[in-house]
Amino acid sequence: MTAAPSPPLRVGAVILAAGASVRLGRPKQLLEIDGQPLVVRAAEAALGAGAAPVVVVLGANAEQIRPVLRGVDVGLVLNQDWNDGMASSVRAGLHALGQITLRLDAVLLAVCDQPAFDARAARRLVESLQASTRGMAAARYRSEEHTSELQS
């Protein structure tokens, strides 16, 4: 007798988009790939993978970034402490998810400036986590082979 498949994980997402993009000189969250800002691509990737709710953490350029997210079904969080580093944005995003719901099995953390991050990659992460006994899954890029892989 085989065990019944586990129910799908309830996954929320935190998209990190609070950085100042100092080296670039303009908000990298707004750079477009195929006519779509990176921050919108990341949010839609999480939504397309079935994550709900999805929270986007803004910071340095919040007023410039906020308008491009109109119409995208995400919550927006302003991290006033964005200059303290990425961990402060992770905390702000997790806190916001906790205010929305306590009924999550997992949280997908993603930065908004990875053009190859799409719904398929996000789904693969969630599927890898579902199949794992470790409680965590991460994507890794092996540049020498130009392939990506999942680890759980």
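**Cores and sheet**

Reply: This is a predicted model. Leaving out residues up to four places away in sequence, Val39 touches Ala17, Gln29, Val56, Ile65, Val68, Leu69 and Cys112.

Me: Which residues touch the most other members in the largest nonpolar core?

Reply: Ile15, Val39, Val56, Leu69 and Leu108 do, in a core of 29 residues. At least two residues each come from β1 (11–17), α1 (38–48), β4 (54–58), α2 (62–65), β6 (106–111) and α4 (119–131).

Me: Where does the largest share of this core come from?

Reply: From α1, which supplies six residues. There is also another core apart from this one, with 10 residues, including Val55, Val57, Val90 and Leu97.

Me: Ok, the sheet. What is the strand order?

Reply: The order is β5-β4-β1-β6, an open sheet of four strands with parallel pairing. β5 (75–78) and β6 are the edge strands, each pairing on one side only. From one strand to the next, the twist averages 25°.

Me: How many bridges join β4 to β5?

Reply: Four, with the two strands running parallel. Within that pairing, Leu58 has Leu78 in β5 as its bridge partner, and Val57 has Val77.

Me: And β1 with β4, how many bridges there?

Reply: Five, again in the parallel sense. Ala17 stands opposite Leu58 of β4.

Me: Is β4 buried or exposed?

Reply: Mostly covered: five of its five residues are buried. On one side these are Val54, Val56 and Leu58, and on the other Val55 and Val57.

Me: Why two sets like that?

Reply: In a regular strand, side chains alternate between the two faces of the sheet. Here both faces of β4 are covered. Val56 is among the residues with the most contacts to other members of the largest core, while Val55 and Val57 belong to the other core.

Me: Switching to Val90. Where is that one?

Reply: Val90 sits in helix α3 (residues 86–100). Not counting residues up to four places away in sequence, Val90 touches Leu16 and Leu109.

Me: Why does Val90 count as buried?

Reply: Because its relative accessible area is 19%, and the cut-off for buried is under 20%.

Me: What about Ile15, what separates its C-alpha atom from that of Val90?

Reply: 8.7 Å, although Ile15 and Val90 are 75 residues apart along the chain. Ile15 is one of the residues with the most contacts to other members in the 29-residue core, whereas Val90 is in the core of 10 residues.

Notes
Residues are numbered from 1 along each chain as its sequence is written. This is a predicted model: local features need pLDDT of at least 70, side-chain atom pairs count only at pLDDT 80 or more; totals for chains, interfaces and linings use all residues. Side-chain values use heavy atoms; hydrogens and water are left out. Buried means under 20% relative accessible area, exposed over 50%, partly exposed in between (1.4 Å probe, protein chains only). Contact means heavy atoms within 4.5 Å. A nonpolar core is a set of buried Ala, Val, Leu, Ile, Met, Phe, Trp, Tyr and Cys residues joined through side-chain atoms within 4.5 Å. Two strands pair if DSSP finds at least two bridges between them. Axes are lines fitted to C-alpha atoms, for helices over the stretch in contact, and angles run from 0 to 180 degrees between N-to-C directions.
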